[in-house]
Amino acid sequence: MQDEKEEEIEFHFDRVFYQGSEQANIYEFLALPIVTGAVNGVNGAIVTYGQTGAGKTYSMEGPSIMDCDENKKGLLPRVVDGLFSAIRLSGEMTKYTINLSMVEIYMERVRDLFDLSKDNLLIKESRAQGIFVCGATDICISDSAEALRSLSIGIANRAVGETQMNMSSSRSHCVYIFTIQQELKKEKRSGKVILVDLAGSEKVEKTGAEGRVLEEAKTINKSLSALGNVINALTGSPQGRANHIPYRDSKLTRILQDAFGGNSQTALLCCCSPSPSNASESLSTLRFGARAKHIKALAHVSLREDEDTKSPGALPVIKDESCKRILEKLRQKMKAEDVELLEQLFVLEGIFFDPNSVEEVEAAYEDATSRTILSLQRSVEELIATVEELKEENKALKSQIRS
């Protein structure tokens, strides 16, 4: 690859697919190991990244999610088929349940694509579930045909728009979430497959974006920039030193927290335009991919024991009084800010308090804030309506007096 200064730059990736590559080959190399892992309780994520018009949505969906040539089917319908094929091969001794959610991040708001009335969902975190979208519609799917019908409904609800680079440009980041519950005799396993079709990075002078489309482009570029900052933080800290990872800088980085920095097998498909006029954008995409390749994954099987199979002698979670005593002793020998960081770490790891307590408090605060804002908005609207009514009455009174 050469940049605009004709300097040759070399990149190393796990595999390179060309314009004539088969969609099936991309699935088998990129997604099949993740699908197999999810059926066995290991979380996975597949992310498509690149500039507008580079082929991300085509790679994800194919020409159409419902009716298209078998050879042209994208990653999404192949993942659906792969999940049910893996379940059929597992035998009848294990019970599986697959649930599907579909959301988009549009203008920094998380919208439910199965229920458009849910247009500002919260992203939350718990020890049991990791990162999840609270309140998103969860559809239980029993076969591939049902899953594809549901997906086609969600895809039809996506925010798209026309630019000079693409007749139907994605104006949002789309997230498909498959949750696979596996019930064995003495344990339950839960695996997730998240597929993310990112909106493309854009240069305004090329897309000709104006008005609302321009605002959409700014928000898209800002969230992609935040994702780049997360990648840099995950791969750029000196050995032995922890870096602050800015997951909360955008809804996109928050929802991808587990995919890039948590318990997940993650595959990144970087899509590049073959046009020489897009060389600088392709170079930027390749640099992003090369950086992301250095992230170290820590995926493991997610197990959950049934209540009746837990050991009767199991130790309970340390109670609040014990936590206070431990923290007090630490404060005597350490700086207050260091103790605060340790306390946050202990809570996140479930060593202190109920594993969900902190997240529940945070979620309750966010919910209360959202309700308060909505209530204030309604009050303002009612006041405006009342003022308008009073104005009309005033006009009527003035007319009566004059007559």
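**Entry 1: strands**

I started with strand β2 (residues 95-106) and found that 11 bridges join it to β9, the two running antiparallel. Two strands pair, by the rule I used, if DSSP finds at least two bridges between them. I took helices (H or I, at least four residues) and strands (E, at least two) as DSSP runs, numbered from the N terminus. This is a predicted model, so I kept its rules in view: local features need pLDDT of at least 70, side-chain atom pairs count only at pLDDT 80 or more, and totals for chains, interfaces and linings use all residues. Residues are numbered from 1 along each chain as its sequence is written, and side-chain values use heavy atoms, with hydrogens and water left out.

Which residue in β9 stands opposite Tyr96? I looked it up, and it is Gln182.

On to strand β10 (residues 187-197): 10 bridges join it to β9, again antiparallel. I noted Ile180 opposite Gly191 in β10. Three residues lie between β9 and β10, and the two strands form a hairpin.

Next I checked how covered β9 (residues 173-183) is. Nine of its 11 residues are buried, so I wrote "mostly covered". Buried means under 20% relative accessible area, exposed over 50%, and partly exposed in between (1.4 Å probe, protein chains only).

Phi of Met107 is near 50°, a positive value in a residue other than glycine. Glu108 lies in the loop between β2 and β3 too, and its phi is positive as well, about 65°, although Glu108 is not a glycine. Buried or exposed, or in between? Met107 has 27% relative accessibility and so counts as partly exposed; Glu108, at 29%, also counts as partly exposed.

**Entry 2: aromatic rings**

How many aromatic pairs does a search of the whole structure find? I got three. Rings of Phe, Tyr and Trp (its six-membered ring) pair if their centres lie within 6.5 Å; planes under 30 degrees apart count as stacked, over 60 as edge-to-face and the rest as tilted.

One of them is Phe11 with Phe13: the centres are 6.2 Å apart and the planes at 20°, so I logged the pair as stacked. Phe13 is partly exposed because its relative accessibility is 29%.

Phe17 and Phe29 make another pair, with centres 6.2 Å apart and planes at 65°, so this one is edge-to-face. The pair links distant parts of the chain, as Phe17 is in the segment before α1 (23-39) and Phe29 is in helix α1, 12 residues apart. I put Phe29 down as partly exposed, at a relative accessible area of 34%.

Phe29 also has a charge over its ring: the charged end of Arg15 sits 5.4 Å from the ring centre. The cut-off is NZ of Lys or CZ of Arg within 6 Å of the ring centre and within 35 degrees of the ring normal.

**Entry 3: confidence**

I checked pLDDT, the predictor's confidence in each residue, from 0 to 100. The protein chain averages 80, and 76% of the residues score at least 70. Where is confidence lowest, and where highest? It is lowest in strand β8 (residues 166-170), at a mean of 55, and highest in strand β6 (residues 139-141), at 96.

Where pLDDT is low, the predicted coordinates should not be read in detail. I flagged residues 305-319, where pLDDT stays under 50, and residues 353-361, where pLDDT stays under 50 too.

Terms used. Contact = heavy atoms within 4.5 Å.
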